[in-house]
Amino acid sequence: MTAYRWLIRPALFRLGGGNPEAAHEWTLSRLEQLSRHPRLLAALRRWHAPGETASTVFGVRFPSPVGLAAGMDKDGRALRAWPALGFGFTEVGTVTWRPQPGNPRPRLFRLPASEAIVNWMGFNNHGAAALAARLKTLGPLPTPLGISLGKSKLTPLENAVDDYVASLRVLYPHGDYFAINVSSPNTPGLRWLQDRAQFAELIGALRLEARALAGDRPPKPLLVKVAPDLAESAIGGLLQVCQEGGVAGVIATNTTIGRDGIAAAEAGLVSEAGGLSGRPLTLRALQVVRFIHRETGGALPIVGVGGILEVDDALRMLDAGASLLQLYSGMIYRGPGLVRGINRALARRAVGNGPAGVSASGGNS
Ligand SMILES: Cc1cc2nc3c(=O)[nH]c(=O)nc-3n(C[C@H](O)[C@H](O)[C@H](O)COP(=O)(O)O)c2cc1C
């Protein structure tokens, strides 16, 4: 991690005059180029090989439980590069039915002293049909692919269900699981879909569509991504709907609208709008994962995400009941060495515990 921290990260953070979105775009373009070099990819994969960390969760085999969180590669531009950096799965999106530019810039802010990010990107993406076309030409990928679905900004909330269903329909052949994003703070009204009645209608419609698309086979897993800002009673209500509606797992959590945990020197730099991620989210995300695990008796697999910046954060998330993990801010502040470090720690654990090492942390099916 040292080379990343002292050499690569400072250079990335200076790109575009310190513009975080320029650094993001530059990195994604380089990874996109890398994706076209099979030999380099193979060499990197050997270096980052996860070791004995495979597990099966909601019927999908993951070579490592460490995944790339939604939002980093929304349009699936570098899908062969992420596995080469040690990730055991990639979640693309959030994509929406209509292509959309997202919110006006600047919309991405780094808070290095707080090891945090604030974003109000607003689901900038090329749309579900464009992603489907790209995935079709890419062919099979080395690790499972999750696809995160959201509501187009221009679609009125009362038509949200049709919007999600249309995206699911066009993307269904290409994903190994689908994440229903009702928890981004950056699309007006989206979190309203976390209200129990709306949520039940959305889940019911997506489940029905997945069944129809699956034909004779079992439908592909649908997961739900929740906000960290919900009260436990509200999360409990969502979990009931999830369990009644055949949801395969929960992703906890999205970014927070809270502003706790920001270093004093950076407090004045933070706008009211946008979702906060990284270190200030660590504890809350862990609490939500622990609550979901307890509330469901471990029956609903959990993807733990939020403020994983150290190997120990990852281990704590697994001990709290997560079966899989995802990183976003940790990749920005610690780089791919973090993925490697977590994978190595898990491989050591697995050797210590026998082959059930990862599964023993709960929730796997
Ligand atoms: C710039 C940025 C864009 C994001 N976009 C999405 C998104 O499109 N869909 C989504 O479900 N989560 C999105 N997220 C949230 C992350 O997937 C993750 O849940 C959150 O950042 C907490 O994890 P972290 O602390 O490791 O960053 C985004 C996060 C960031 C920082």
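**A barrel and what surrounds a ligand**

Tutor: In this predicted model, 8 strands close into a barrel in the order β3-β4-β7-β8-β9-β10-β12-β13, with parallel pairing. Neighbouring strands of this sheet are turned by 25° against each other on average, direction ignored.

Student: How do you know that β4 pairs with strand β7?

Tutor: Pairing takes at least two bridges between two strands. There are 4 bridges joining β4 to β7 (residues 145–149), so the two count as paired, and they run parallel. Within this part of the sheet, Thr 90 stands opposite Leu 145 in β7. Helix α6 (residues 160–171) packs on the sheet and touches β4, β7 and β8 (177–181); the direction of α6 makes about 155° with that of β7.

Student: What makes the peptide bond from Gly 93 to Thr 94 worth a look?

Tutor: That bond is cis, with omega near 10°, and Thr 94 has its place in strand β4. Most peptide bonds are trans. A cis peptide bond also joins Arg 105 and Pro 106, where omega is about 0°. Pro 106 is found in the loop between β4 and β5 (108–111).

Student: Why is Glu 115 called buried?

Tutor: The cut-off is 20 or more other C-beta atoms within 10 Å. Glu 115 has 21 C-beta neighbours inside 10 Å, so Glu 115 counts as buried. Glu 115 is found in the loop between β5 and β6, and has a positive phi of about 50° although it is not a glycine.

Student: What makes Val 224 stand out in the largest nonpolar core?

Tutor: Val 224 is among the residues that touch the most other members of this core of 92 residues, including also Ile 180 and Val 250. Leaving aside neighbours within four places in sequence, Val 224 is in contact with Ile 180, Val 182, Leu 238, Cys 242, Val 247, Val 250 and Ile 251.

Student: Which residues come nearest to the ligand?

Tutor: Of the 28 residues around the ligand, Ala 69, Gly 71, Ser 277, Tyr 328 and Ser 329 come nearest. By class, this shell has 11 nonpolar, 15 polar and 2 charged residues. At least two shell residues each come from β4 (89–95), β6 (116–119), β11 (275–278) and α12 (329–334).

Definitions and conventions
Residues numbered from 1 in each chain as written. Predicted model: local features only at pLDDT ≥ 70, side-chain atom pairs only at ≥ 80, totals over all residues. Near = placed C-beta within 6 Å. Nonpolar A, V, L, I, M, F, W, Y, C, P; charged D, E, K, R; others polar. Core = buried A, V, L, I, M, F, W, Y, C linked by C-beta atoms within 7 Å. Buried ≥ 20, exposed ≤ 12 C-beta atoms within 10 Å, placed from the backbone. Contact = placed C-beta atoms within 7 Å. Axes fitted to C-alpha atoms, helices over the stretch in contact; angles between N-to-C directions.
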